[in-house]
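Q: I am new to this structure and would like a close look at one part of it. Could you take a single strand and walk me through its surroundings?

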Amino acid sequence: MRVLLVEDNDRLGALISEAIRGHGFAIDHLSSAEEAELAIAANRYDAIILDLMLPGRDGLSIIQPMRQSGVTTPILILTARDGKDAVIQGLNIGADDYLCKPFVMDELIARLRALLRRPGQALGVLLRERNVELDTAERMVRINSVPVDLSRRELGALELLMRRSRRVVQKADMEESLYGFGEEPESNALEVLMHRLRKKLSSAHAEVEIHTLRGVGYILAEVPC
């Protein structure tokens, strides 16, 4: 899952980014409406966290053009406690939820997950494929009910494969989901990551395995009997 954060306060943006990465998301942090519009046009995001008080143009100026162009990505807006009029306007033109500053980081994560669980979004809480179970809230994988230790990106890759089980996940889609801006992977980084994940699944006797389709991507399939 890839999230766009638009927040001009560098310290707050860094804290939010750290918290969101800790829950298994890739995140791009930008600080202006102009940068955000370019990023939204060039990338597919699963959610957007949008501060309304931005330098130059405010966050509201992003929302309506997005919706008019058919972009349905859920938007969580951030605002100061005295900014309720802007919140109402934002919700009326297409935002999905709001959070007043200052806020508790756990509430931000909870609201983000709630948005992604809404109909039409992809984030279910519990994913299962054969004897493999992935709890997206706890960020925990269990195989035959036994916890399996995965890195953040290994878990993210497995989550994407489980959500698209028996369908090919293109390499570019996998990299876009796992790496944010400023996290350019080395040429073979994804292959190394998938090799490690494949070994961990096999060692834990998973009843699913990852197949590589050279030049295309990856697919999660049942282990042949």
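A: In strand β3, the bridge partner of V6 is L50. V6 belongs to strand β1, which covers residues 2–6, and β3 covers residues 47–51. Strands here are DSSP runs of E with at least two residues, helices are runs of H or I with at least four residues, and both are numbered from the N terminus. Before we go on, please keep in mind that this is a predicted model, where local features need pLDDT of at least 70, side-chain atom pairs count only at pLDDT 80 or more, and totals for chains, interfaces and linings use all residues. Residues are numbered from 1 along each chain as its sequence is written, and side-chain values use heavy atoms, with hydrogens and water left out.

Back to our strand. β1 and β3 run parallel and are joined by 4 bridges; two strands pair if DSSP finds at least two bridges between them. β1 also runs parallel to strand β2 (residues 26–30), with 5 bridges joining them. There, V3 stands opposite I27. To get from β1 to β2, the chain passes through helix α1 (residues 10–22), and this β-α-β crossover is right-handed. That term applies if, with the strands pointing away from the viewer, the path from the first strand over the helix to the second runs clockwise.

How much of β1 is buried? The strand is mostly covered, with 5 of its 5 residues buried, meaning under 20% relative accessible area with a 1.4 Å probe, counting protein chains only. Both faces take part: R2, L4 and V6 are buried on one side, and V3 and L5 on the other.

Now let us step back to the sheet. Its 5 strands form an open sheet in the order β2-β1-β3-β4-β5, with parallel pairing. β2 and β5 (97–101) stand at the edges with a single partner strand each, so one side of each has no neighbour in the sheet. On average, neighbouring strands of this sheet are turned by 20° against each other, direction ignored.

Helix α3 (residues 60–68) lies across β3 and β4 (75–80), running at about 165° to β4. Helix α4 (residues 84–93) lies across β4 and β5, at about 165° to β5. Such angles run from 0 to 180 degrees between N-to-C directions, and axes are lines fitted to C-alpha atoms, for helices over the stretch in contact, where contact means heavy atoms within 4.5 Å.

Technical notes. Buried < 20%, exposed > 50% of the residue type's maximum accessible area, 1.4 Å probe, protein only.
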